[in-house]
Amino acid sequence: MTKKNLLLTILATSVIAVFAIIALMPFFFLFISSFKAGSEMIRNGLQFKFDFQNYNLANYALIKTERDGIYLKWYLNSIIIMIIQVGAGLFFSSLVGYGLAKYKFRGRNIIFILVLMVMMVPVEILILPLYKEINSFKMIDTYAGVVLPFIVPATGIFFFRQFCSGLPTEIMESGRIDGCSEFGIFFKLMMPIMLPAYGAMTILLAMGSWNSMVWPMIVLRTSEMQTLPIGLQSLLTPYGNNYDLLLSGAVMSVIPIMIIFLLNQKTFIAGMSAGSVKG
Amino acid sequence: MSKQTNDNGSASVKTGGIKMMKVAPYIFTAPFVIYFLAFFVYPITETFWTSLCQQVGFAPPKYAGLANYKLLIDDYFVMAVQNSALYTFFTCLILVPLPLFLAVLLDSKYVVKPEIFKSALFIPALTSVVMAGLFFRYAFSSNEAALMNSVIGFFGIPAQGWLEKRVTTWIVLIVFCVWKWLGVNIVYYLSALQTIPKDLYEAATIDGANAWQRFTFITVPCVKPTIIYVLTISIYGGFSMFAEAFTLFNSARTPGDIGATIVSYIYAQGFNRNNFGIASAAGISLLAGVLIINIIQLSITDPVGKNDE
């Protein structure tokens with residue numbers, strides 16, 4: 001019995017380990033490459049060959065010096081946009097998702113089908129008319145222009161709706177008996193048990209915002225207003241030491257989103273039966 | 001408000017409560033409805049109108065009927081549609097079952113230090129597509145000593161010019177996509193697995209169910225809404241794939257259009273050539289295609305949950 005368990009443990013852990021190594025490989029190789037001249041990677045591709053004596057921090061010095069620290073401006077822009085987008089997105093999508101899951105009302109299924117419709121339409125189709133619309137609001141080259149068209153994320157609504165469907169309705173009933181208003185029930189009773197969903201959605205929305213490229217590329221015109229992905233992508237021209245900053249900049253750009261992930265990881269994979277109705 | 005109704009006795013609690021219960025869902029869902037009208041209905045209508053017009057650059061549009069749709073059917077567009085459809089098919093084939101299997105493994109007691117592996121598997125999703133595109137371009141470089149060529153060289157397969165041929169290009173893109181989204185789907189499944197009461201498994205074990213039976217009769221039905229969700233986002237993600245191909249080639253156009261997707265077609269027509277009419281016609285065609293798939297999927301999987309009530 002224990003021998004069988006040991007065998008299973010070794011087998012399961014090695015399967016997972018193989019996938020984990022593949023997952024980390026790009027990060028590892030780009031990290032290694034960031035200590036060498038970018039031109040070398042362009043010429044030879046990435047290789048299983050490490051010449052540690054040639055490594056230096058020259059690429060990282062460019063973060064502060066290149067074009068008066070333009071990289072750090074991109075960094076700040078990305079952080080501000082992410083905070084607004086994630087905060088508003090969590091609030092609105094949990095509100096709507098909860099409403100759709102926990103109330104029976106006329107038009108519920110229609111609204112839900114509309115949510116699915118929004119989810120399946122690629123943003124890229126709407127980019128031109130959205131650009132005209134944001135332009136008429138005088139929001140080109142502003143944070144608001146980047147955030148507004150995605151302020152009520154349909155994927156978030158879908159996720160919260162699926163999540164809330166599985167939550168016990170007894171909590172709402174007992175809240176009503178205790179004299180809570182419908183909004184009181186949502187904010188005081190339901191939100192706390194929805195924490196695992198908030199944890200997951202924070203990570204997913206933050207990722208989407210931090211790495212989104214196509215829409216910000218169109219709204220943000222001046223280099224000072226741009227976000228990290230657009231800024232980094234603009235370095236993909238074979239002039240000067242662009243590739244050097246690209247490598248160190250790409251490595252550095254992962255840090256904030258990594259922190260958000262590590263902070264939220266525990267809440268969202270934590271046991272969620274705790275605190276809700278038992279039996 | 002709630003306190004007041006409390007003082008007025010049980011009858012008014014009931015009527016007041018019921019009134020609130022009827023109004024509340026509309027207030028809860030109002031943000032979406034407003035958003036939907038402003039940032040969905042309006043732009044879609046605008047796109048539809050543009051698709052019927054001859055418009056180049058920002059010149060005033062001229063009504064042109066279905067001319068744009070006729071111009072649409074060329075080899076480049078057909079190639080893009082084929083590419084997107086195959087890409088979506090293969091990514092769904094991998095990205096729906098594989099992460100469920102890995103999530104179940106991670107959730108079992110057989111994996112040592114599962115927290116570390118969960119983080120590791122999720123890291124690709126955190127990495128920006130610019131960074132990942134850089135990696136895949138130079139890992140799949142045609143250089144004989146480059147990563148992928150030395151791996152296949154180990155098995156005696158000759159070095160490939162990965163991004164020069166259509167089949168290998170799409171292998172790279174599918175690997176790229178699986179690499180990027182595997183961890184996200186694992187997280188969806190993991191958080192669904194947490195909601196399954198553990199005593200269900202214990203009862204099943206006592207009744208003599210083996211691991212496979214517990215998986216098919218408890219795990220799968222319990223995470224069914226999540227499976228549907230993962231399938232849904234994989235289909236939509238597949239058809240709207242663009243950034244991956246864009247960063248891999250650093251352009252919306254590729255040599256011989258081997259890396260063309262429907263969205264890169266729209267982008268190239270709209271933003272590189274300023275053919276807004278044709279770009280909009282392609283957009284509306286994509287919309288129609290995805291709608292059809294969606295209706296088929298809705299009728300099979302029933303995510304609205306009519307049958308559950």
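Buried area is the accessible area (1.4 Å probe) that two parts lose on being put together, summed over both. The views below show a predicted model in which local features need pLDDT of at least 70 and side-chain atom pairs count only at pLDDT 80 or more, whereas totals for chains, interfaces and linings use all residues. Residues are numbered from 1 along each chain as its sequence is written, chains are lettered from A and ligands numbered from 1 in the order in which they are written, and side-chain values use heavy atoms, with hydrogens and water left out.

**View 1. The two domains of chain B bury about 420 Å² between them.** Domain 1 spans 2-51 and domain 2 spans 75-308 of chain B, with bounds from an automatic or database domain assignment. Their C-alpha centres are separated by 35 Å. Five residues of domain 1 of chain B meet six residues of domain 2 of chain B in contact (heavy atoms within 4.5 Å). Carbon and sulfur atoms give 84% of the area buried between these domains. B:T47, B:T50 and B:S51 supply 68% of the area that domain 1 buries against domain 2, more than any other three residues.

**View 2. Chain B and chain A bury about 9,400 Å² between them.** Of this area, 79% comes from carbon and sulfur atoms. Chain B contributes 98 residues to the contact and chain A contributes 107 residues. Nine residue pairs, both members at pLDDT 80 or more, are in polar contact between the chains; this term denotes a pair of N or O atoms within 3.5 Å, where within protein one must be able to donate a hydrogen and the other to accept it, and residues adjacent in sequence count only if both atoms are side-chain atoms.

**View 3. A salt bridge joins A:K132 and B:E46.** The closest N and O atoms of this pair are 3.1 Å apart. The count between chain B and chain A is one salt bridge, defined as a side-chain nitrogen of Lys or Arg within 4 Å of a carboxyl oxygen of Asp or Glu. Helix α2 (residues 10-51) of chain B gives the most to the side of chain B that touches chain A, with 22 residues; helices are DSSP runs (H or I, at least four residues) numbered from the N terminus.

**View 4. Helix α5 (residues 97-107) of chain B has buried residues.** These are B:P99, B:L100, B:L102, B:A103, B:L105 and B:L106, where buried means under 20% relative accessible area (1.4 Å probe, protein chains only). Their cover includes α1 (2-33) of chain A, together with α4 (75-95), α6 (114-126), α9 (166-193), α11 (211-222) and α12 (224-239) of chain B.

Definitions and conventions
Helix = DSSP H or I, 4+ residues; strand = E, 2+ residues; numbered from the N terminus. Buried < 20%, exposed > 50% of the residue type's maximum accessible area, 1.4 Å probe, protein only.
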